[in-house]
Amino acid sequence: MRQELLSLPKGLAEEVSRNLVMVARLIDEEPEQAYAYSRIALRLASRVAAVREAAGFAAYATQKYSEALAEFRAAKRMTGSVELWPVMADCERGLGRPERALAMAGEPEVQKLDKSGQVEMRLVAAGARRDMGQLDAAIVTLQSPELASNSVQSWTARLRYAYADALLAAGREDEAREWFAKTVEADKDGTTDASDRLAEMDGVEFVDAMDAEGAQGAEKAAAVADDIDDEDDEDGDDEDGDDEDGDDPAEIARAEAAGDVTEYYDEDDEEYEPLEQNGADADADVKGDERA
């Protein structure tokens, strides 16, 4: 990419480079922002293949498949490289044309791909089969020497995951569990949710720690309120259940206990005071902001 940018004037090359860096930095977590940066780079240097490729991936990440396909085709024409062939085929899937993706899987360009590219093409072809309702054919497509190999490569976890997911969709649960387990073994970076899928199959339920803490706090508040109610009954409160000052001890206890569970703050407020809103008030504020 640096070599390609050398063809531009120094100041322009630096500006384009900054935008491409932001695309790479944001594309996984903030794809819409990455897309915006890619459009800036594209306006500045549309004749640079690296810029067209980056714009294609940014569009792909935001599911703008027609735009992504156009950018990938442009990059391919500029470089003569076939490395984008699998993602181009996947764009065809995204556009609802799985038959075209399958046709691309049989083109001579696939033979020019490296091993990683060929595995990607196999994944796309299997996905196209599933799009067309050909589940058994998708399973067969994924069965390959790469799948059977014990060697762990960058694409191993994704290949095993796709195979396990296809098996599960076909109702072959025992085999699916086996391959999800093999995926976990290969997925050292946690690029898939195979461990969660495996736990789900085994009937394991995960409870959010914050939710659990909140539930315990609510139970504690209710217990305290009940104790106070019992004490008030024994002390002989008036018919309305209020004390002489008109404050209900049970309500006070509930409010205090609830305050121990969760507090909400307005971080934009200089005094950083706690906010207490019910659902209706919160909705009204949101709608007000939208109108503004």
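**Exercise 1.** Determine how many contacts beyond four places in sequence the model has for residues 238-246.

*Solution.* The pLDDT (the predictor's confidence in each residue, from 0 to 100) stays under 50 over residues 238-246. With contact taken as heavy atoms within 4.5 Å, the model has four such contacts for this stretch. Residues 258-292 also have pLDDT below 50, with 16 contacts beyond near neighbours in sequence. Where pLDDT is low, the predicted coordinates should not be read in detail. For the protein chain, the mean pLDDT is 82, and 70% of its residues reach 70 or more.

This is a predicted model, in which local features need pLDDT of at least 70 and side-chain atom pairs count only at pLDDT 80 or more, while totals for chains, interfaces and linings use all residues. Residues are numbered from 1 along each chain as its sequence is written, and side-chain values use heavy atoms, with hydrogens and water left out.

**Exercise 2.** Classify the orientation of helix 5 relative to helix 6.

*Solution.* Helices are DSSP runs (H or I, at least four residues), numbered from the N terminus. First, the axes (lines fitted to C-alpha atoms over the stretch in contact, with angles from 0 to 180 degrees between N-to-C directions) of helix 5 (residues 65-79) and helix 6 (residues 85-94) come within 9 Å and cross at roughly 155 degrees. Second, angles over 145 degrees count as roughly antiparallel; helix 5 and helix 6 are therefore roughly antiparallel.

**Exercise 3.** Is G96 buried or exposed?

*Solution.* G96 lies in the loop between helix 6 and helix 7 (98-105). Its relative accessibility is 54%, so G96 counts as exposed (over 50%; buried is under 20%, partly exposed in between, with a 1.4 Å probe and protein chains only).

Key
Helices (H or I, at least four residues) and strands (E, at least two) are DSSP runs, numbered from the N terminus. Angles under 35 degrees count as roughly parallel, over 145 as roughly antiparallel, 65 to 115 as roughly perpendicular and the rest as oblique.
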